[in-house]
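Trainee: I would like to learn how to read a structure such as this one, feature by feature. Could you take me through it slowly?

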Amino acid sequence: MVRLKKPSLIVNFKTFEAATGKNSDKLAKKLDIPGIVVAAQNTDIYRVSKVAKNVFAQHVDPQGHGQFTGHDNACALKENGAAGVIINHSEDRVDLETIRKNIEICKKVGLISLVCIGGHDKAEEVARMNP
């Protein structure tokens with residue numbers, strides 16, 4: 001598993017055109033600096049991981065392999081070069097049970113979990129999940 005320098009800066013590519021497709025690897029190459037993590041769109045993970053060391057996926061679903069069309073599988077993200085995953089970011093909130101499941105599956109496949117929390121009350125509960 002990748003060990004991140006502390007503190008780390010996470011640069012989320014979101015879905016901006018300047019950070020999508022062929023532009024994603026150009027931007028990632030510029031940001032391949034110790035202490036910087038790039039969070040690329042899941043569709044760009046493979047290409048970005050070829051030019052940057054610390055690549056996170058923007059989303060993961062708790063489903064494994066099987067009949068889950070349209071879901072983002074943690075094993076596939078890992079195999080395509082993701083070092084970690086953003087869970088529960090402000091544009092894709094999930095409930096605490098889904099956060100727990102995602103943390104578990106990420107641990108199982110060797111992905112770092114970066115969990116975003118909007119309030120102190122949930123932060124303590126998520127911290128006990130040891131992301």
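Predicted model: local features only at pLDDT ≥ 70, side-chain atom pairs only at ≥ 80, totals over all residues.

Trainee: What else does the side chain of asparagine 73 reach, and where does asparagine 73 lie?

Mentor: The side chain of asparagine 73 also reaches the backbone oxygen of glycine 64, at 3.1 Å. Asparagine 73 lies in the loop between β3 (55–57) and α3, where helices (H or I, at least four residues) and strands (E, at least two) are DSSP runs numbered from the N terminus. Contact in general means heavy atoms within 4.5 Å, and by that rule asparagine 73 is in contact with Val60, Gln63, Gly64 and His65, leaving aside its neighbours within four places in sequence.

Trainee: Is asparagine 73 buried or exposed?

Mentor: Buried means under 20% relative accessible area, exposed over 50%, and partly exposed in between, with a 1.4 Å probe and protein chains only. Asparagine 73 has a relative accessible area of 12%, and therefore it is buried. Asparagine 42, in the loop between β2 (36–40) and α2 (45–49), counts as buried because its relative accessibility is 18%. Not counting residues up to four places away in sequence, asparagine 42 touches Ala57, Gln58, His59, Asp72 and Leu77. Alanine 83, in the loop between α3 and β4, is at 5% relative accessibility and so counts as buried.

Trainee: Which residues can I look at as exposed or partly exposed examples?

Mentor: Threonine 15, placed in the loop between β1 (9–12) and α1 (22–30), is exposed because its relative accessible area is 62%. Leaving aside neighbours within four places in sequence, threonine 15 is in contact with Thr20 and Gln41. Lysine 22, whose place is in helix α1, has a relative accessible area of 58% and is therefore exposed. Lysine 14 lies in the loop between β1 and α1, and with a relative accessible area of 29% lysine 14 is partly exposed.

Trainee: Which residues have a positive phi although they are not glycines?

Mentor: Lysine 14 takes a positive phi of about 50° although it is not a glycine. Asparagine 130, which lies in the segment after α5, has a positive phi of about 55° and is likewise not a glycine. A glycine case is found just after α4, where glycine 110 takes a positive phi of about 90°.

Trainee: How should I read helix α4 itself, and how many residues does it have?

Mentor: The expected span of a helix is 1.5 Å times one less than its number of residues. Helix α4 (residues 96–109) has 14 residues, and from its first C-alpha to its last it reaches 20 Å, close to the 20 Å expected at 1.5 Å a residue. At the N-terminal end, aspartate 95 caps α4, with a side-chain oxygen 3.2 Å from the backbone nitrogen of glutamate 97. The buried residues of α4 are Thr98, Ile99, Asn102, Ile103, Ile105, Cys106 and Val109, and they pack against α3 (74–79), β4 (84–87), β5 (112–115) and α5 (120–127).

Trainee: Which residues line the largest cavity?

Mentor: On a 1 Å grid over the protein atoms alone, a cavity is a set of points where a 1.4 Å probe fits but cannot get out, and lining residues have an atom within 4 Å of a point. The largest cavity is lined by Gln58, His59, Val60, Ile86, Ile87, Asn88, His89, Asp92, Val94 and Asn102. Asn102 is also one of the buried residues of α4.

Notes:
Residues numbered from 1 in each chain as written. Heavy atoms only, no water. Polar contact = N/O pair within 3.5 Å; in protein donor to acceptor, adjacent residues only side chain to side chain. 1 Å grid on protein atoms, 1.4 Å probe; cavity = no way out; pocket = protein on both sides within 12 Å on 5 of 7 lines; lining within 4 Å.
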